[in-house]
Amino acid sequence: MNAAATEADHHHGPAPGLMRWVTTTNHKDIGTLYLWFSLIMFFIGGLMALIIRSELFQPGLQIVDPHFFNQMTTMHALIMIFGVVMPAFVGLANWMLPIMIGAPDMALPRMNNWSFWILPFGFGIMLSTLFMDGGGPSAGWTLYPPLSLQTGDAFPYLIFSIHMLGVSSIMGAINIVATIMNLRAPGMTFMKMPLFVWTWFITAYLLIAVMPVLAGAVTMLLTDKFFGTSFFNAAGGGDPVMFQHIFWFFGHPEVYILILPSFGLVSEIIPTFSRKRLFGYSSMVYATASIAFLSFIVWAHHMFTVGMPLTGELFFMFTTMLIAVPTGVKVFNWISTMWRGAMTFETPMLFALGFVVMFTIGGFSGLMLAMTPIDFQYHDTYFVVAHFHYVLVPGAIFGIVAGVYYWLPKWTGNMYNETLGKVHFWTSTVFVNILFFPMHFVGLAGMPRRIPDYAVQFADFNAIATVGAFGFGFSQILLLVLVIKCIRGGEKATDQVWEGAQGLEWTLSSPPPYHSFSVQPVIK
Amino acid sequence: MSGRIKVPYLFVIPVLMFGFGYLMVPLYDLLCDITGLNGKTGSISIAEASQLDVDQDRLVKVEFLGTVNDEAPWEFGPEVGSMMVHPGKQYQTSFVATNTVNETVVGQAIPSVAPGKAATYFNKTECFCFNQQTFEPLESREMPLVFVIDPGLPESIDTVSLSYTFFDANGLVSK
């Protein structure tokens, strides 16, 4: 075989064997790796959630000791945020962004490989802390000092793993910005980009801006604990409350990082199944940008009860409530897109609709929490838990699942099992509400979060929530089964897959060639 | 195509933002100094303090509190529980601290004033909280505090509480 033929082989398909996945620089391979990683972490984080809910099934302590319970709540959050939602979004971006904007690959393919392969090692370190002396981190994912400084041997490992996840996210985000800015097909102006591309573009900037701030905050914790600095130590002139300010300066944009790409996914799916163009495209873009801007000036609404001048509380209350305006624009645009559309209800559409309805419920409870005087009662209760789980589970996760169903036929070339998909949707939707809705009630009645035991009057609602948790958890096995079945075979998908689908990704074959758009299409 | 970006520029943003995270530390202190947030008290030189007009008609109650942080080896408290003071006039009082262990220890008192609005009007010319305090084994000592309340203290405030928390400062660099 001569050199030219080897060269040609290299360009036509993936390398054989397992090393393909280690050395790959192909955006589709890396997207697949991210998505599988995220799915595995979803089950690990879910298992932790089930341990939490099992302990809370009845009042009293029965299954795990309180210290382990706190490790579970902390690790569940860290894994679901950094190990599930963010990698899933990056995976979808890797798979879809190049073929949605007509690019041959991501702009920085080698860095792309690196940013994925950091993740398993980062989470390996983080999960290994559970077996260390003193146990894993147990001070909550927010890592407030001085409590977090009491973590045992796990502490430096936790900090370094957070650094690694941060490096991975920043590199992933830079790659996405570079791809979108430099590799769009000729004629694809910014205002012609699909909305998933737009929301990721803005999300990537948020990531680049705030992940380093988190890295700084945890580095300060590290030097406070081991090198005698006093950033958060009052005895040396520091202030633990300052950590909360720095953390939430990262933390609030972070929660939008966890939702904006889902907004984009839903904005792709609803028009397809309504067989209409997205209503108010440019207002969607501006609304996303406004949400991103506002996310930088609302952080202290997480800290109303820690002490702030009245002016500060009013400022953060009003700016927070202002976020409801662009978010409302989005929700009304989705509804208007459906208005008089020829709608069908395949699984991706069902998940997208579930997203719109239940994300809005979470949005409203967020608006309640935004009001300072009311927040004084709700702070650190299960009402907060109910709120952020509504925006993250039937919000972010439903968006991701909708996206997976939407593009799965494109990725594999096979249709998934529609009946099983609908069963997955309905079991998920019923159980997620059984799981999280009662938390509103126990929260309003004053049940505090992050505590393994509770007063007996909360028993009934907690028992119901635990039933919902197991139902929801086991429903997700359906997703795994569906994906594996779809990869192995099934009815062949057409190139367009969905009757109403628009966009460059549908002009490629299903599955798309390993190297696509080597010649960029021209957009008119 | 227009709008192309040079990738190395993108790496500048995270570097700058990492720096910004650290910049928030002095910014936070500055904001606390300006607003008196967090009960950070002011300090004032003796010369400045003697220039203030004494408001003989007004009496403000100043309460003193002493707390020991965590399990630090101290007994710590004010000499008197409260005083009635005229704004603009200098007063002296003291706190007493006792080292309860048989070794040399270093402590640091951190002040806080409530209500927060009063913090910027509460000025100290001399305070044991300005420095770390080293105690010999089992030593007990009176530590003086000289303060003056600025006559500009809002009329609505008639009680000011000054609270000190005594921290174990062994191994910490003096601030």
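## The largest cavity

The largest cavity in this predicted model has a volume of about 100 Å³. A cavity here is a set of points, on a 1 Å grid over the protein atoms alone, where a 1.4 Å probe fits but cannot get out. Grid points are joined across faces, edges and corners, and a volume is the space filled by probe spheres set on the points. By this rule there are 3 cavities of 30 Å³ or more.

Lining residues are those with an atom within 4 Å of a point. For the largest cavity they include Tyr34(A), Phe82(A), Met86(A), Leu165(A) and Leu207(A). Two helices of chain A, α4 (66–101) and α6 (154–182), each supply at least two residues of this lining, and α4(A) has the largest share with 4 residues. Helices (H or I, at least four residues) and strands (E, at least two) are DSSP runs, numbered from the N terminus. The lining divides into 8 nonpolar residues, 2 polar and no charged. In this division Ala, Val, Leu, Ile, Met, Phe, Trp, Tyr, Cys and Pro count as nonpolar, Asp, Glu, Lys and Arg as charged, and the others, Gly among them, as polar.

## Where the chains meet

Chain A gives 37 residues to the contact between the chains and chain B gives 27, with contact meaning heavy atoms within 4.5 Å. Together chain B and chain A bury about 2800 Å², and 75% of that area is on carbon and sulfur atoms. Buried area is the accessible area (1.4 Å probe) that two parts lose on being put together, summed over both.

On the side of chain B that touches chain A, the elements giving two or more residues are α1 (7–35), β6 (105–114) and β10 (159–168) of chain B. The most come from α1(B), with 13 residues. By class, this side of chain B has 18 nonpolar, 5 polar and 4 charged residues.

## Salt bridges

Over all chains the count comes to 7 salt bridges. In one of them the side chains of Arg275(A) and Glu499(A) meet at 2.4 Å, N to O. Arg275(A) lies in the loop between α9 (260–274) and α10 (281–294) of chain A and Glu499(A) in the segment after α17 (459–488) of chain A, so the pair ties together parts that are 224 residues apart in sequence.

## Backbone details

The segment after α17 of chain A also holds Pro511(A), which is joined to Ser510(A) by a cis peptide bond with omega about -5°.

In chain B, the peptide bond from Ala114(B) to Pro115(B) is cis, with omega near -5°. Pro115(B) lies in the loop between β6 and β7 (122–127) of chain B.

## Basis of the values

Residues are numbered from 1 along each chain as its sequence is written, and chains are lettered from A and ligands numbered from 1 in the order in which they are written. In this predicted model local features need pLDDT of at least 70, side-chain atom pairs count only at pLDDT 80 or more, and totals for chains, interfaces and linings use all residues, while side-chain values use heavy atoms, with hydrogens and water left out.

Technical notes
On a 1 Å grid over the protein atoms alone, a cavity is a set of points where a 1.4 Å probe fits but cannot get out, and a pocket is an open set with protein on both sides within 12 Å along at least five of seven lines; lining residues have an atom within 4 Å of a point. A salt bridge is a side-chain nitrogen of Lys or Arg within 4 Å of a carboxyl oxygen of Asp or Glu.
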